[in-house]
Amino acid sequence: MTSATSALVDVAWLRDRRGEVTLLDATVGRRTGPDGGTVFVSGLGLHTERRIPGAHFADLVAGFSDPAARFPFSCPSPSRIAAHARELGIREDSTVVVYDRLTGAWAARLWWVLRTAGITRVRVLNGGLTAWQAAGLPVADGREPAPAPGDVVARRADDGFVDLERMKRIADGSDPTPAVCALRGTEYLGTPDRPRSGHIPRTTSLPYADLLGPDNTLARERTARLARAHGIRAGEGTVLYCGGAVNAAGLALALHEIGIDDVLLYDGSLAEWRADPALPLAVGPVEDNAAEGRS
């Protein structure tokens, strides 16, 4: 999964080429569940309310995820990825542009999922719908007519993920691979009075939100500065995680833009880790916990 080509396009690029690309809206909705927690739902309603003209809806909740998985947004099989990609009209020669209406992390997640199946002609609109509207460009409502079916073929090029067993080895120090949490700093730190809060031991923090500039855009200079400050380098195979490997995909996209393209995602992320009470969580800065062994 290496490429020297930028995965980002700006609104001017898309404005001039909108009719030449397959444009996808990967927005996900959310609501409050009975227990007060966040429940993620299809973003179709948001898509039909306001979208970039020509965009089709790519469903990360029910389409580009594994319906049999225990945790949301788990990466599906290549055959499932290909089936949904074809429904969206993606062909072998298509250039796909993905966006969302929030921070770009949902779009980055779809970019990553498609790459794992060898569908690599995929780019992300920098700033998404926020930047598009800020530029005064038109929006539409409703849905586009269904596109002609595509013919794209999925191939397991490089699965791009690590599993729970690998993360256990990182957490206990038997695997020295660096790992970074992409959640906001307060989520990474946790609090002693909040059960199962905090981070996976021996992992550091670089919040995806810290990389975002005006209109939720990514900039290479800002990413490079923060990556240097946090000791993230190419060639180390750094593992990224968050709550459900969505913000982690956003961080992966940002790092790709500065040439750090050998990262992997822990797909289960904290949704899986926290579900097992036997697995440890560290609270506070990494340097406050000597057992984590990383400063």
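This is a predicted model: local features need pLDDT of at least 70, side-chain atom pairs count only at pLDDT 80 or more; totals for chains, interfaces and linings use all residues.
Trainee: How many residues of α4 are buried?

Mentor: The helix is mostly covered. Among its buried residues are W106, R109, W111, W112 and R115. The count of buried residues in α4 is twelve of twelve.

Trainee: Which class of aromatic pair do F40 and W106 form?

Mentor: The structure holds four aromatic pairs. For F40 and W106 the ring centres are 5.5 Å apart and the planes lie at 70°. Planes over 60 degrees apart fall in one class, so the pair is edge-to-face.

Trainee: How many residues apart are F40 and W106?

Mentor: F40 belongs to strand β4 (residues 38–42), while W106 belongs to helix α4. The pair thus links distant parts of the chain, with a separation of 66 residues.

Trainee: Is F40 buried or exposed, or partly exposed?

Mentor: Buried requires under 20% relative accessible area and exposed over 50%. The relative accessibility of F40 is 31%, so F40 counts as partly exposed.

Trainee: Which class does the pair of F73 and W106 fall in?

Mentor: The ring centres of F73 and W106 are 5.1 Å apart. Their planes stand at 50°, so the pair is tilted.

Trainee: Which residues form one aromatic cluster?

Mentor: F73 lies in the loop between β5 (56–57) and α3 (78–87), so its pair with W106 ties together parts 33 residues apart in sequence. Both F73 and W106 are buried. The cluster consists of F40, F73 and W106.

Trainee: Which parts of the chain does the salt bridge between E144 and R51 tie together, and how many residues apart are they?

Mentor: The closest N and O atoms of E144 and R51 are 2.9 Å apart. E144 lies in the loop between α5 (128–134) and β8 (161–162), and R51 in the loop between α2 (44–49) and β5, so the parts tied together are 93 residues apart in sequence.

Trainee: Which residues are linked in a network of salt bridges?

Mentor: The count comes to 14 salt bridges. One of them joins R166 and D175 at 2.5 Å, N to O. The network is made up of E49, R50 and R101.

Technical notes
Residues are numbered from 1 along each chain as its sequence is written. Side-chain values use heavy atoms; hydrogens and water are left out. Buried means under 20% relative accessible area, exposed over 50%, partly exposed in between (1.4 Å probe, protein chains only). Helices (H or I, at least four residues) and strands (E, at least two) are DSSP runs, numbered from the N terminus. Rings of Phe, Tyr and Trp (its six-membered ring) pair if their centres lie within 6.5 Å; planes under 30 degrees apart count as stacked, over 60 as edge-to-face and the rest as tilted. A salt bridge is a side-chain nitrogen of Lys or Arg within 4 Å of a carboxyl oxygen of Asp or Glu.
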